[in-house]
Amino acid sequence: MSENVYLELRDKSQSRRFPLTSESNTVGRAPDCDVVLAFPQVSRYHARIYRQGEQFLIEDNKSVNGTFVNDQQVTSHLLRHGDRIKLGTVVVTFCNPLVSRVNLSDEYETDANMTIAFPISRFSLSEGKTTPQLQRDPQQMIQVIFNSTKALIGSNSLDSVLSGVMDLVFEYLKADRGFLMLQDETNELVPYVIKLRHPSASRSEKDISFSRTIVSKVFTEGVAILTANAMRDSRFGAQESIMMQQIRSCMCVPLWDERKIIGIIYVDCLFFENFFQERDLDLLSTIAIISAIAIDQYRLNQEIDRQKRIRERLERYHSPSVVNRIIHSGGDVMMKTEEREITVLFSDLVGFTSMAEKLEPSEVARILNCFFTAVTEVIFQNEGTLDKYIGDAVMAVFGVPFAQPDHAERAVKTSIEMYRALDDINASGMLPAPLRMRIAVNSGRVVAGDIGSEKRVDYTVLGSTVNIASRIESSVAQADEIVIGDMTKQLIGDKFPTEDMGTVALRGLSVPLTVHRVIRK
């Protein structure tokens, strides 16, 4: 590789470059990495950036805090010049300024056939960059920017944003046809809006064919292209689509928000050579940049709203760290109903019903809120899922929505810590009388997922494992005890001291169940 391909780390007013000089480069905080980022949030061997043909890819190496490209978590991702890579909380920029294969200058180049191609970064308004003098009417550009911003920013649907973009293009440019394409989830360009100056045109004029060469160059290389006569252009004239469509003059620009290219805008003219001028390309590029920002802003707002809705729902059941993992996974993990091996925990306050009969309802609510707050915090600290409150009882599960190989250990550890939390509550003097609790823990297979009616669903677990845990809590466990099922005992091994309680017959079970008592120190 060349040292011209590098990662850039910006820190306040300074920046550091890390050349990617190998075919495969490890990125992490370990001293033997090719790119050493000595930050605690970065894993020792966080990710790998490697070359594949003419392209570069990044691959997450099972890092603790994840790898993100342009704010999207990835496991493997194709990199483009200017992509923002986030490793933990450290942000670097992937730079490959030689990606263009058209041999462009900083300005633009014109060949004998009047094709103009220049980097879209020519329009950058970033601080510290000098923008070349463009071939534009300043007053018209001010009007274009004002109208574009007014029409696009704040639109309430993606369709209205995209339709508004093409309406602006046809308002300021005398194009015959045009379309807008966006990159989809598979990184393919997909047409979203097609617009005709004359909707009553013949079928052949409505069927827009375009040069894939032009669109590919614009999208992959970040260049804006104007060709005064596409059929005579030595670069594009051999394209069958151009010849069949008799395309005379066309322009194509990337939708670029100074971070990434998300699509393209294409317009053409079927009847006149030299129809589009350089100032038209300037104008179309300006609209494209504002449009890309509007599209990105709409998507960001949608994502914020989606995450807010998901977070409000999930925070009732999960710890903040688990909520973040669910959101970064797209929430799909909560939509699946699947069979999993987990551990279920039931806790119940002993004798609380009798105590509550002597108290005012407000006092009962205060005591329960105090108790639930304390034990829920313990559950979340161990990344358990709060399934539900049942009167003065709590049901929690471990091993969902994300698999936890140590789910049984987490559940037993949580049980012990719940008693410590209860001891703190009793010692605080805030209660009219000390509270006592019993806990049962059982492991096995369940069905986990969103379960309920069409109008309301909740994330929960179902199966005999849950029923047995409930029966152990209600029929076997006594005050101040933690009683676990035999499967839980097998999973925790000698991690926690226990004593055998023998076998018990539980209602609904034909075979007696072996149970064990956890010895709390």
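The dialogue below discusses a predicted model, one topic at a time.

Q: How is a pair of aromatic rings described, in general?

A: A pair of aromatic rings is described by how far apart the ring centres are and by the angle of the planes.

Q: How many aromatic pairs does a search of the whole structure find?

A: The search finds four aromatic pairs. One of them joins F179 and Y266, with 4.8 Å centre to centre and 15 degrees between the planes, and this pair is stacked. F179 belongs to strand 14 (residues 177–183) and Y266 to strand 18 (residues 261–269), so the pair ties together parts that are 87 residues apart in sequence. F179 and Y266 are both buried. The rings of F372 and Y389 have centres 4.2 Å apart and planes at 20 degrees, so this pair is stacked. Here F372 lies in helix 10 (residues 361–381) and Y389 in strand 20 (residues 385–390), so parts 17 residues apart in sequence are tied together.

Q: Which residues form one aromatic cluster with Y389?

A: F371 and F372 form one aromatic cluster with Y389.

Q: Over which ring does the charged end of K86 sit?

A: The charged end of K86 sits over the ring of F68, 5.9 Å from its centre. Likewise, K195 lies over the face of F170, at 5.7 Å from the ring centre.

Q: Is H46 buried or exposed?

A: H46 has 0% relative accessibility and therefore counts as buried, the cut-off being under 20%. H46 is found in the loop between strand 4 (35–36) and strand 5 (47–52). Its side chain makes a polar contact with the side chain of T67 (3.4 Å). Residues that H46 touches include V27, Q41, D60 and L87.

Q: Where does K62 lie, and what is its phi?

A: K62 lies in the loop between strand 6 (55–60) and strand 7 (67–69). The phi of K62 is near 55 degrees, a positive value in a residue other than glycine. K62 is exposed, with a relative accessible area of 83%. E383, also not a glycine, has a positive phi of about 60 degrees. E383 lies in the loop between helix 10 and strand 20 and counts as partly exposed at 22% relative accessibility.

Q: Which peptide bond is cis?

A: The peptide bond from V400 to P401 is cis, with omega near 0 degrees. P401 lies in the loop between strand 21 (393–398) and helix 11 (407–427).

How values were computed: Residues are numbered from 1 along each chain as its sequence is written. This is a predicted model: local features need pLDDT of at least 70, side-chain atom pairs count only at pLDDT 80 or more; totals for chains, interfaces and linings use all residues. Side-chain values use heavy atoms; hydrogens and water are left out. Helices (H or I, at least four residues) and strands (E, at least two) are DSSP runs, numbered from the N terminus. Buried means under 20% relative accessible area, exposed over 50%, partly exposed in between (1.4 Å probe, protein chains only). A polar contact is a pair of N or O atoms within 3.5 Å; within protein, one must be able to donate a hydrogen and the other to accept it, and residues adjacent in sequence count only if both atoms are side-chain atoms. Contact means heavy atoms within 4.5 Å. Rings of Phe, Tyr and Trp (its six-membered ring) pair if their centres lie within 6.5 Å; planes under 30 degrees apart count as stacked, over 60 as edge-to-face and the rest as tilted. A charge sits over a ring if NZ of Lys or CZ of Arg is within 6 Å of the ring centre and within 35 degrees of the ring normal. Lists of a residue's contacts leave out its neighbours within four places in sequence.
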